[in-house]
Every structure is written in C-alpha cells, then in structure tokens.
Amino acid sequence: MKEEFKIAWRNLWRNRRRTIITSASVFFAVFFAVIMRSYQLGSYDHMINNFIESFTGYLQVQNVKYQDNPLIDNSFDYSDSIASAISEINKVVSVSPHLESFTLASSGTQTKGAAVIAIDTEKEKNFSDPESKLVKYRITDEAIRRLKDAGAISDNVLEKVKKNLGRSYSSSARLELELGLTDEEKELCMPEILKCSEVSNGFLANDDEGILVSDRLASYLKVAIGDSVILMGQGYHGVSATGIFPVRGIIKMPSPEIDNKLIIMTIPAAQKFYDAEGKITSLVVNLTDKSDRTIKTAKARINSLLPDKNTIAKTWYELNPILYQQIQGDSQSGAAMLALLYFIIFFGIFGTVLMMVSERKREFGVLVAIGMQKKKLKRIITMEMLLLGAIGLVCGLLASVPLILYFYYYPIMLKGELANMMEDWGWDAVMPTAWFGPYFYWQAVIVVLMVVLATIYPLRKIGKLKEIEALKG
Amino acid sequence: MKVLELKNVNKIYNSTEVKVHAVNDVTMDFVEAEFAAIVGPSGSGKTTLLNLIGGLDMPTSGEIIIGGTNLSKLKPSQLIDFRLNNIGFVFQSYNLIPVLTAKENVEFIMTLQKWPEKERDERTFELLWAVGLGDRINSRPTKLSGGQQQRVAVARALASKPKFILADEPTANLDSKAATTLLEIMEKLNHESKITFIFSTHDPRVVKMAHRVITLEDGKVISDDIRELPA
Ligand SMILES: Nc1ncnc2c1ncn2[C@@H]1O[C@H](COP(=O)(O)OP(=O)(O)O)[C@@H](O)[C@H]1O
Ligand SMILES: [Mg+2]
C-alpha cells in the first residue's frame, strides 16, 4: 500500500505542468462553487429570516379553506388553552392569534379600503410588536416653526429637515438616518430636532374597543388620536358589520403599501364587530430555527393538538408558495450553473486521463509482463487520479473558508434601490454568506464522483490490456 | 535439470490477409545455467518465440512447460503470478518505471513477491554492484545511459530469482561498447547464479559470446549448436 501510494504520488508529478493545470481547474471550480453557493444560500436565509419572522411566521394554524378564501366565515374557534398548549411545544418561540379581514374605513367625506388585523396585545409583543411602531416623531410645519424659533439650528440642517416635511418616525434612529446629517450636525442639532418633532401617542389596552391606524391611512382619513373611524364590512355568516371606533394611536409601518391601509384592534373588539364570538382566522407560530426538520416536527405536533380536521397548521412555504418557488427556482438555476461548470472541469480531468493512458500504454505492458497484477495497477492509477482531484479540492475548500468566515461576520453592505427597499421594510441591507453546511461537503462528493467517473476509462483499458500489444508501444 | 520444454509449438497469425506461420513446430529443451542466443533474420520469429516462452502470448498449438507447469493450464491472473516468480524479463527499451530510482526499480519486483525488507535491501545492493551501478543506486532512469538502464533491467530480472531470464534484443539500442559490457555482465551473472539466460540478437559480436546458438528461419529451428556445456 505504501509502495503503491509512493508510485501514485510520483506519477502525479511526472507531467508537472499538466497536473498543475488540472488541479488549478478543480481548485477554481470548487472555490467558485463554494463561494457562490454560500452567498446564494446566505441571502435566502437572510430573506426568509426577515420576511417570515415578521410576516407569516414559520407556521400558521388556519381553517383549511382560509388560504384560498380569506373570509371571516373561514375562521375557527380559538381559546387561550390551545395557544398555551402550542407554546409548550419544543422550539416554539411565539404564538399569536390574528383575526384578519378587509373593511371600508371612513371619516367625514373620506372612505378607503382597510386591512383590519385584530391581535392579542400581550401575545403580539413577541411577534410583530406593534407598540414599537407607534409614531414618536413627526416633521410638521409646526415642528419646523418651533425649530426656527429655538434658533441654534443652521440653515443647512433646517433645509434637510424641511425635505422630510410630513414624514413620521417610530424611532429616533430612523429619523436620524433619514435626515442624513453629518456627525457634527447630529451632535449639535439632534436633541433639538427630537424635542420639536416629538408627538404624543397611545396604545391599545387589553380589551380596548379602540383602534390603531397606520400613518398614511390616518392622514388620508384626516384623523388623529381621539377622533373616530367608521368601519363597514361583512361579519360572520353574512351579517353586516358596522361600528364606530375611537383612534387610540398612530403607527408607522415600514412598507408604504401597508402603511396605506392598516388598522389594528383587539381580538375581543373584532369578534364583537364581526359577530364572530370566539373565532380567529389564524394563529401565527414562530420557531427557534427554520430547518425543515424543526418545521415539520412542530407542524405535526401542532396538528396533533388540533381536534378539528378543518383546522390545520401550514408551513411558511405552503403559505407563500410564490416566494418559495422563486427561491427554489433561483437555487436551481445556481445549481445548474455549477453543474455546467463541473461538466467543463470534468472534461479537463478526462483529457488528462486520456493523455496519461496513451503515454503509459507501454509502461502498463511492462508492469503486467514482469508480474504486477492488474488489480494492483488499477489501484495505483485510481489513487493517482484521486490525488489529482484531491489537491484541487482541498486547496479550493481551504481557500474558501476564510472568505466565508469573513463575509459571514462582516457581510457585504448593499447599496442603491434594493438596499433602500430592504431598509424600508426594516431589514438590514446586507448580503451575508451561509455558514458551512452540506453545500460545502457536497463539493467533495462531486469532485470524487467526477474523478471516479474519469477513472473508469483507464481501469477498463488496463482490464483489457494485452501484454504483447501494450509492449509494442 | 530441465527448466523449460517446448513441444511442437506453433504460432499462426490469421489476422492479416496472408496467414503467417511465425513459429513452426518448435520442439526443444533448456536446462539450468544455459547462456543461449536465438538468432535469425528480421521476421524469422525470434520475438514471437520469446513471447510464447515468457507466457506473454499463447501458442496456436503445442505445449510450453516450465518447471513442470504447462502454461496453457493457467488462468490469466495465475499466469501473471507465474511470470513474477519464474521468469525474468529484459525488453529492448523502456524497461524501467520512470518515477522510481534504480534501487527502487530493482526492489520493486521483490516487493511484488513480498520479500522482507532487509533481505530485499541487501539483494538490491548486491545486484546493482554486480551490474556495475553501485554508485548510481539513487538515479532515476532518465539520468542513466541506455546501457546503464539495460543493466538495471538485468539486475531487476535476476532479483526475483527466476528459473530463466528472457531478453529480446537487449543490445539493439546500444552502441557496441555498451553492448559488449552488457553481455559480459550477463555472462558473469549467468555463471555466478546458474540462472539460464535466453536472448535474441542479430549482432554477430553478441552471438560470439553465446554458449548455445539457436538459429531460426521462417519460424523453424534450422540449427541448434551447443558450443560449451553449462558449468
Ligand atoms: N501480431 C501479429 N500479427 C500478424 N503477424 C505478426 C504479428 N506479430 C508478428 N507477426 C509476423 O510474424 C513473423 C515473425 O515476427 P517476429 O517474431 O517479430 O520476428 P523477429 O523478432 O525475428 O523479427 C513476421 O512475419 C511478422 O510479420
Ligand atoms: Mg523481434
């Protein structure tokens, strides 16, 4: 074995240049594949983490018909006991009941369609946490006037503030970010700006009969805290639902689309409004991790807790089939590209093998003639080929490790349109790599498979070798 | 003691348009310690005959018996082991494994035979000194001259302690000085080891050194002269 390895290793370096070129091609393929895959998987992770954790949750309990037909009629009976039973399940982070529907919202002469989400204020804290989205600062004419009166603010800064007239913010950090002040300006002016633009706001009590209105909807309806909004919609089993609701607070949603139409109320108020006592439309469940296993186990456990066959748990990918298909499609096209790359590399390896076999035909003949079993010769050649693949493979994997580590901890910051969009949604505009996973080890499997496939040819040649013909050269 | 017997050996090539009777009804024996040359013009069947004797090719008819074993009775893998343990080979050129040194090339065949390391080492040194390459043991074949390479090949052929050594025109690619040196070394080793050497040649100076000269013509043995009986 030692002898065979020695011969294989030395054979590898007989044509130094060819071995280096072949190894280099394997190296680049592996390196490129690992880095590309890591980025691809990393960005899906990032996207799923952000999107799923703040919108659909990893799992939702729904009436089977609700996804296709999101009506109050397709709701289900809910009690606190089911929520607490689910939250006992391993790896469950939060369980938040929702009662969602569309209504018309009007005030004075203004009317607009609104998405009404009824929540449990306590349980929602661990999921979308609407309290954190309450408007805290607003740049109004009044605020600008007060800023001017206070003096102390340079014209330059005042201009920047004016540019944001009419906007509202749920945190000082967000306000600071959008004003785009220099560090010096920030230090000088931020306290004054915050003081002048601060607004008072309120939230919902546990059994509140009032509502929270999203900022843009509130300005469309021309309502403020203390005003009332009339809601008109369809209640349970076709009854018409009409009610008048006092505005308790204004919330700022990062997405303009949602900010245009969201109304939040408590579940008891909504059940009364829709005449849907004890009903909710969905129960949003978040988990500690999103591995397929965790999701599937949790889903099965939840389903076993639900007595009614028409009420079931659905996974985030069942709930967002389009997003899921997009990710799958993107992932597959990435994989197809790598397949093409490896296909090309395979022919490089195969070319090396062909040349090697034709160069050494005579040598194989001598070895078998003087008494080396073909089995042994095949082992040497296989070893040589595996070494050839292993050099590029190991170097490629090793070279990718520091890059993956670095960009995992210090991800690339995105710029431009995409970055703004992500920030609008309240996400980090970054592109991290994925931590080492099966994608990393798979490269080894692929390279070994390619080598084994390429080695079939010389092994067959040796198998069929006739000593006198090989000796003729 | 007989090391090799040929009984009515024929080799007929049918593959080409004309049928070629390359070896025609050859019957002869070789005993221990012979130093025999097979001579004859090009195309007379020397290579074909040596390939048959060496078990590299199978006769169309007839029997080849080495130390009591009929070669045609062996399975392909048994035949390889049989060659390893009973026959030494020296080819015209490119005999050696290019990635191994002179020492490793000689050792190699004993590794295949699973000799213990110490004995293998001792025998390698002994043989390389005997062929006059004691100072080149760590050279790769590309660093050796053609004559030196053939001497390493002779050392390797002897290393496995075969019943006989076959050499098909071992001097064909050598100048006359290197050819004479190689033959002198072969003769000396034949004398010391009592191992039979059978070599083909059409070099008259080489023929002169043989103890037995077998002449082929159109595949037939036309003369078999024993000039000197083995010691
Ligand atoms: N594989 C083969 N197929 C057909 N004819 C062959 C083959 N090998 C050798 N011959 C023929 O057999 C005869 C003997 O050839 P060979 O043994 O090589 O002679 P030598 O070694 O004495 O020159 C020649 O006529 C040659 O053409
Ligand atoms: Mg010949």
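Salt bridges and a surface patch

Over all chains, the count of salt bridges comes to 37. The model is a predicted one. Side chains of opposite charge can pair when their charged atoms come close.

One of these pairs crosses between chains: A:K6 forms a salt bridge with B:E104, and their closest N and O atoms are 3.4 Å apart. A:K6 belongs to helix α1 (residues 2–12) of chain A, while B:E104 belongs to helix α3 (residues 102–112) of chain B. A:K6 has 25% relative accessibility and is therefore partly exposed. B:E104 is buried, because its relative accessible area of 11% is under 20%.

Within chain A, A:D259 pairs with A:K252 in a salt bridge whose closest N and O atoms are 3.0 Å apart. Both of these residues, A:D259 and A:K252, are buried. They also take part in a network of salt bridges that links A:R138, A:D215, A:R216, A:K252 and A:D259.

Chain B has a salt bridge between B:D203 and B:R205, with the closest N and O atoms 3.5 Å apart. B:D203 has a relative accessible area of 15%, so this residue is buried. B:R205, at 41% relative accessibility, counts as partly exposed.

The surface of chain A also carries a nonpolar patch, formed by A:Y406, A:Y408, A:Y409, A:Y410 and A:W435. Together these residues have about 610 Å² of accessible area. One of them, A:Y408, lies in helix α16 (residues 374–409) of chain A. With a relative accessible area of 34%, A:Y408 is partly exposed; patch residues need over 30%.

How values were computed. Residues numbered from 1 in each chain as written. Chains lettered and ligands numbered in written order. Predicted model: local features only at pLDDT ≥ 70, side-chain atom pairs only at ≥ 80, totals over all residues. Heavy atoms only, no water. Patch = residues over 30% accessible without salt bridge, like charges linked within 9 Å, V, L, I, M, F, W, Y side chains within 5 Å. Areas by Shrake-Rupley, 256 points an atom, 1.4 Å probe, with all protein chains shown as cover. Salt bridge = Lys/Arg side-chain N within 4 Å of Asp/Glu carboxyl O. Helix = DSSP H or I, 4+ residues; strand = E, 2+ residues; numbered from the N terminus. Buried < 20%, exposed > 50% of the residue type's maximum accessible area, 1.4 Å probe, protein only.
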